[in-house]
Amino acid sequence: MKPDGYDAESLFEKYGGLAYDDINILPGHISFALDDVSLATRLTRRINLQLPIVSSPMDTVTESSMAIGLALLGGIGIIHYNNTVEQQCEHVRRVKRFENGFITDPVVLSPDHRIADVDRIKKEHGYSGIPVTEDGTLNTRLVGIVTNRDIDFERDRTKPLREVMTTDLVTAPKGITLREANRILRQSKKGKLPIVDAQGRLVSLVARTDLRKNEDYPLATKGADKQLLVGAAISTRDPDRERLAELVKQRADVIVIDSSQGDSVHQIRMIEHIKANYPQLDVVAGNVVTRRQCQHLMDAGADALRIGMGPGSICITQVTTAIGRAQASAVYACARAAHERGIPVIADGGITSSGHICKALALGGDTVMLGYLLAGTVEAPGEYFYEGNVRVKRYRGMGSIEAQLEGGDKRYFSQTTRIPVPHGVSGTVVDRGSLTTFIPYLVQGVRDSMQKTGCRDLPALHAALASGDLRFEPRSTSAQIEGNVHGLHSFKEPTLPTR
């Protein structure tokens with residue numbers, strides 16, 4: 001019996017440039033429960049994720065709060081570079097310090113510091129429970145710890161810590177395992193467990209909040225050192241080699257070369273520079289939309305490719321320059337070329353629903369990069385305000401005039417032009433609540449889709465794509481209308497609880 005629909009190769013050969021909304025995935029045979037679906041995937045050659053979600057390196061999307069939230073849930077965030085080197089490094093540092101297992105570089109104070117110094121640290125970093133050593137460094141003996149319960153009701157914030165700190169300490173010896181340290185924390189009911197060497201000097205710290213997060217976020221994206229993974233973006237310009245060096249010092253786990261058109265001599269030189277000087281560092285190259293572009297970047301040493309030119313909700317590159325490609329076509333073509341060489345791809349742009357995520361993965365994407373969908377979350381940079389009666393946040397393309405004037409022009413190749421050409425716009429997006437409710441909602445939609453295709457995991461989905469067992473069908477304009485809400489006098493949009 002002839003199968004329904006088209007295999008992907010035949011579909012794109014016949015219909016050319018297709019967007020996500022132009023196609024449907026045809027159902028397969030279900031032989032497993034929804035809870036059996038795995039979304040584990042590869043971000044790069046060497047980095048694995050439990051969820052195929054990456055946040056876009058945009059200044060209204062990803063700073064440390066977004067990167068922390070996504071990593072805890074199983075994805076990863078890419079810190080934008082529309083800031084100073086110091087600011088970008090600080091965001092990376094916050095992610096690496098957030099959940100460490102062993103905190104190897106804790107903030108330390110001396111007995112002569114004041115309660116006001118603890119207040120400042122809490123305001124800047126969001127935590128208290130500060131170890132106190134003889135001279136305020138890791139090089140001298142631990143003499144106390146100051147916590148909220150020591151200072152909450154002290155009116156005199158100039159009082160020195162020696163007068164309020166706790167000196168009856170529960171500590172553990174250097175070399176203890178994380179499992180044993182967590183056992184001591186449970187038994188002691190303390191908030192922090194200092195780890196000391198034979199001379200009583202502080203070498204690291206274990207926090208009860210980290211222990212709780214280990215239990216609450218079993219899919220968290222961590223390295224071998226139990227720290228959260230985080231990525232950072234750089235441009236192709238030579239001055240960003242200094243930015244790169246500082247990001248490496250802060251232990252960024254992956255670098256994304258952020259360029260509107262990735263197939264350039266500038267990007268190839270940057271990839272080669274990274275591979276020559278930091279061979280342990282994985283590099284995501286892009287953006288690209290054709291097989292030839294992919295080959296050039298893979299030949300240079302790229303560990304993953306970022307796919308998309310112009311499909312983003314705030315991007316007008318295709319309008320301004322007439323360059324780009326329909327995103328479904330771009331993802332399929334580039335994924336096919338990259339997978340032949342074992343390179344994962346990130347589908348970047350054009351995603352406004354969980355259904356679009358499903359289609360991006362079904363066409364060969366290993367992960368999806370989200371901007372619009374994440375920009376309205378609590379963890380995105382910026383403050384909420386009301387536009388009419390709707391609670392919103394600002395969202396802008398990195399190619400918008402506003403972003404270019406603040407540094408976003410590094411994504412483009414002209415360094416001397418006095419006439420900025422807009423490749424994006426600025427706007428607002430609705431409040432989507434916290435990542436902790438929104439990401440599980442998206443993920444459940446993707447799992448539902450995977451079950452309906454009959455594919456238990458992403459390797460099975462991609463194998464079905466390659467064999468032609470995964471079938472697709474084009475959608476006419478009428479079919480697109482039919483597939484959405486229609487025919488009602490009125491209806492209420494489904495919404496998530498945001499609080």
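Select R241 and D238: the two form a salt bridge, their closest N and O atoms lying 3.7 Å apart. A salt bridge here is a side-chain nitrogen of Lys or Arg within 4 Å of a carboxyl oxygen of Asp or Glu. R241 is partly exposed, at a relative accessible area of 29%, and D238 is exposed, at 53%.

The model on display is a predicted one, in which local features need pLDDT of at least 70, side-chain atom pairs count only at pLDDT 80 or more, and totals for chains, interfaces and linings use all residues. Residues are numbered from 1 along each chain as its sequence is written, and side-chain values use heavy atoms, with hydrogens and water left out.

**Further salt bridges**

The count of salt bridges comes to 23. Select R341 and D299 next; their side chains meet in a salt bridge of 2.8 Å, N to O. This pair links distant parts of the chain, 42 residues apart: R341 is in the loop between α12 (327-339) and β15 (345-348), and D299 is in helix α10 (residues 291-300). Helices (H or I, at least four residues) and strands (E, at least two) are DSSP runs, numbered from the N terminus. R341 counts as partly exposed at 38% relative accessibility, whereas D299 counts as exposed at 54%.

Move to D348 and R306, a salt bridge whose closest N and O atoms are 2.8 Å apart. Here too the pair links distant parts of the chain, with D348 in strand β15 and R306 in strand β14 (residues 304-307), 42 residues apart. Are these two residues buried or exposed? D348 counts as buried at 13% relative accessibility, and R306 is buried at 3%. To finish with the charged residues, select R45, K275 and D303, which are linked in a network of salt bridges.

**Helix α8**

Select R243, placed in helix α8 (residues 240-249). R243 counts as buried, at 4% relative accessibility.

**The nonpolar cores**

Now display I274, L305, L363, V368, L370, I439 and F472, which touch the most other members among the 92 residues of the largest nonpolar core. Such a core is a set of buried Ala, Val, Leu, Ile, Met, Phe, Trp, Tyr and Cys residues joined through side-chain atoms within 4.5 Å. A second, separate core has 15 residues, including L49, I76, V284 and M369.

Centre on V368. Which residues does V368 touch, not counting those up to four places away in sequence? They are P52, I53, V54, I346, A347, I351, I357, A360 and L361. Contact means heavy atoms within 4.5 Å.

Select L370, which is in strand β16 (residues 367-370). L370 is buried, with a relative accessible area of 1%. Apart from neighbours within four places in sequence, L370 is in contact with I53, V54, S55, S56, V61, I351, I357 and L442. A distance drawn between the C-alpha atoms of L370 and A347, 23 residues apart along the chain, reads 8.9 Å.

**Strand β20**

Select P474 in strand β20 (residues 472-474). P474 is partly exposed, at 25%. Beyond neighbours within four places in sequence, the contacts of P474 are Y6, L11, Y15, D22 and I23.

**Backbone features**

Select G286 and N287, which are joined by a cis peptide bond with omega about 0°; N287 lies in strand β13 (residues 282-288). Then go to K189, which has a positive phi of about 60° although it is not a glycine. K189 lies in the loop between α6 (178-188) and β9 (192-196) and is exposed, at 69%. Finish at K226, also not a glycine, with a positive phi of about 70°. K226 lies in the loop between α7 (208-216) and β11 (231-234) and counts as partly exposed at 43% relative accessibility.

Notes:
Buried means under 20% relative accessible area, exposed over 50%, partly exposed in between (1.4 Å probe, protein chains only).
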